[in-house]
Amino acid sequence: MAKKMKEPPNVESLRKAVARFTKQADRGTALVAAAWLDDALEARIRATFRPDKKMADDVFRPDGPLGSFSARIKVAYLLDLIEPTARQDLDHIRRIRNDFAHSRGNLRFTTPSVRDRCGQLHGAVACRLGSWTLRSPKQKFVVTAYFLAEYLMSLTKPSKRNPLLDHADSYGSWIRRTVRSSSLELLAKEVRTLTR
């Protein structure tokens with residue numbers, strides 16, 4: 001049986017989902033919100049790829065080089081697809097998600113380690129500087145996750161590509177130019193030695 005293709009996230013479905021995942025227990029909220037971010041980050045990275053869906057699907061497989069949330073965050077940051085503050089918030093949310101996913105105990109957003117990470121989220125800090133008052137760590141987490149997901153989705157419009165890249169061989173052209181220029185330089189050097 002063929003694997004069902006996952007639809008890329010969009011803002012409208014995110015807005016509908018927020019109402020559902022905020023009503024869940026803390027563990028559910030952390031896992032679902034992080035899944036939205038993971039999908040939005042994947043869409044952000046895919047938007048920069050050449051249109052080769054099969055190869056992109058291959059690198060995003062769970063055992064592929066971009067199969068983990070952590071790898072996606074690092075690559076997006078290193079490729080300058082996200083800023084340092086977005087990377088930091090994504091890493092905090094990833095760690096919070098991992099805490100909830102791997103805890104056997106009754107972990108909550110009010111657990112000191114989770115609460116402290118939520119207090120460091122830039123989305124929560126921005127709200128505090130603005131007119132919003134976010135009292136609970138869960139509110140800080142949800143608001144930051146929402147801002148991040150919507151931000152990432154806003155960046156998923158495929159960039160304009162040069163259609164010649166699919167048919168031209170710029171690497172081959174570069175090699176030929178380089179070889180020609182080197183050959184000409186060597187020839188000029190030999191000619192100079194003959195005139196001495």
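Contact here means heavy atoms within 4.5 Å. The model is a predicted one, with local features needing pLDDT of at least 70, side-chain atom pairs counting only at pLDDT 80 or more, and totals for chains, interfaces and linings using all residues. Residues are numbered from 1 along each chain as its sequence is written, and side-chain values use heavy atoms, leaving out hydrogens and water.

Start with helix 5, residues 84-102 (helices are DSSP runs of H or I, at least four residues, numbered from the N terminus). Its 19 residues reach 27 Å from first C-alpha to last, close to the 27 Å expected at 1.5 Å a residue (1.5 Å times one less than the number of residues). Among its buried residues are L90, I93, R97 and F100 (buried: under 20% relative accessible area, 1.4 Å probe, protein chains only). The buried set packs against helix 2, helix 4, helix 6, helix 7 and helix 8.

Take helix 6 (residues 112-119): its axis comes within 10 Å of that of helix 5, crossing at roughly 160° (axes are lines fitted to C-alpha atoms over the stretch in contact, with angles from 0 to 180 degrees between N-to-C directions). That makes the two roughly antiparallel (over 145 degrees). H92, R95, I96, D99 and F100 of helix 5 meet S113, V114, R117 and C118 of helix 6. These residues divide into four nonpolar, two polar and three charged.

Then there is helix 2, whose axis comes within 9 Å of that of helix 5 and crosses at roughly 135°. D26, R27, A30, L31, A34, L37 and L41 of helix 2 meet L90, I93, R97, F100 and A101 of helix 5.

Terms used: Parallel < 35°, antiparallel > 145°, perpendicular 65-115°, else oblique. Nonpolar A, V, L, I, M, F, W, Y, C, P; charged D, E, K, R; others polar. Buried < 20%, exposed > 50% of the residue type's maximum accessible area, 1.4 Å probe, protein only.
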